[in-house]
Amino acid sequence: MHEIKCPNCGTTFTVDESGYAAIVSQIKDEEFNKELERRKKELEEETKTKIENVKLNVKNEQDRTINSLKQEVQALKNEVLLKDKELQSTQEKATYDKALALNNANQEISKLKNNLDMKDKENELAIKTLNEKHNSEIKIKDEQIEHYRDMKARLSTKMIGESLEQHCLNSFNQVRMTCFQNAYFEKDNDASNGTKGDFIYRETNEEGIEILSIMFEMKNENDTTATKHKNEDFFDKLDKDRKQKKCEYAVLVTLLEPDSDYYNAGIVDVSYRYPKMYVVRPQCFIPIITLLRNAALNSMQYKTDLAEIRRREVDVSDFEQKLIDFQTKFSKNYDLASKQFNTAIEEIDKTIAHLQKVRDSLVGSERNLKLANDKAQDLSIKKLTKGNATMKQKFDELNK
């Protein structure tokens, strides 16, 4: 029960929870409607001012164009008068040229008038187009106001009574079997790194290649909260959670800053602050998944090709490793064989050197034998008995 004191009479009376909530809601709705009316009047005044400025600019432009045309016409008239004075010496020629100049001047004046009429029509069309544009902008603003009222009503009746996380989970489960049959969308319960997000979305194809992964953070804050947070207060944590859980994208689903036109516009890309991060209102929760999923499916062929290239790189790496192992073993065997070959060559060289020495000895022996033979062939009894009378006598007796 709540006690309420009347500001006029000072009487104090009590109301139950439902009555108190109804009174608070009436006060909020009245303030909200006043704010809407104020913003609508501001928008109308701003649009009216823009239209008046455009009309004034168009009128000034028309005045400048008319003055310019008048100056051109006067210049042509002056030119005609100048030509008229210069050609008075020859009357026939002057008459002809004057008529020609006047005709040209009239044609030029007619042309300028046509251009002026076209300018007027273009200016009228521009004003009409501008009016239509501003009317369209006013209509869009009215639609945004109605959308904001609807969102405010849903916030007060549903979002506060039901947590934003549960709302998103229910919204996803409603379309899970029709749109996301192979997707994983569950609470992030792993806080082993000291922090965790709210939900993780993952989806793979039949070959097990990941199509899409999203780290979700849901932030809700009702009107009675004393300290108001901003969406950017949660960007840093969301980016860290995305990296720790190895997700490709990060999405903040938020009801914070409800009066921000920037965040009420729809899907907001904040990748200029943190890579692949988006901020959305709850009504854009399913659309952001659909958009990112469609983009991922379009690039799936590139991922498949990349996986195939990586597989081929692994095969090439295995082949290169086997080739390196073979080269290493072959090099070791070659070194051993080369050493043995060199040893055999050295032994053969030694043997050849030894045989060369034996050959040289044999050749020298042959030369000595030849000399001995020559000496033996040159030996005769006559030479042996020369100067030896006894031996000569003996050989003579032997011959007899």
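In strand S8, the bridge partner of Val 268 is Val 279. Strands here are DSSP runs (E, at least two residues) and helices are DSSP runs (H or I, at least four), numbered from the N terminus. The model is predicted: local features need pLDDT of at least 70, side-chain atom pairs count only at pLDDT 80 or more, and totals for chains, interfaces and linings use all residues. Residues are numbered from 1 along each chain as its sequence is written, and side-chain values use heavy atoms, with hydrogens and water left out.

**Strand S8 and its partners**

- Strand S7 (residues 268–269) pairs with S8 in the antiparallel sense, over two bridges; two strands count as paired if DSSP finds at least two bridges between them.
- On S8, Met 277 and Val 279 point one way, while Tyr 278 and Val 280 point the other way.
- Strand S6 (residues 249–254) pairs with S8 in the parallel sense over four bridges, and Val 253 stands opposite Val 280 in S8.

**The sheet and the helices on it**

- An open sheet of six strands has the order S3-S4-S5-S6-S8-S7, with mixed pairing.
- Its edge strands are S3 (183–187) and S7, each of which pairs on one side only.
- Helix H6 (residues 285–298) packs on the sheet and touches S3, S4, S5, S6 and S8; the direction of H6 makes about 160 degrees with that of S5.
- Helix H3 (residues 164–179) lies across S3, S4 (199–204), S5 (210–219) and S6, and runs at about 160 degrees to S3.
- For these angles, axes are lines fitted to C-alpha atoms, for helices over the stretch in contact, and values run from 0 to 180 degrees between N-to-C directions.

**The chain as a whole**

- The secondary structure of the protein chain comes to nine helices and eight strands.
- Of its 400 residues, 23% count as buried.
- Among contacts (heavy atoms within 4.5 Å) with a separation of 6 or more, 57% join residues 24 or more positions apart.

**Confidence**

- The mean pLDDT (the predictor's confidence in each residue, from 0 to 100) of the protein chain is 77, and 78% of its residues reach 70 or more.
- Over residues 155–161 the pLDDT is below 50, and this stretch has 10 contacts in the model beyond near neighbours in sequence.

Conventions:
Buried means under 20% relative accessible area, exposed over 50%, partly exposed in between (1.4 Å probe, protein chains only).
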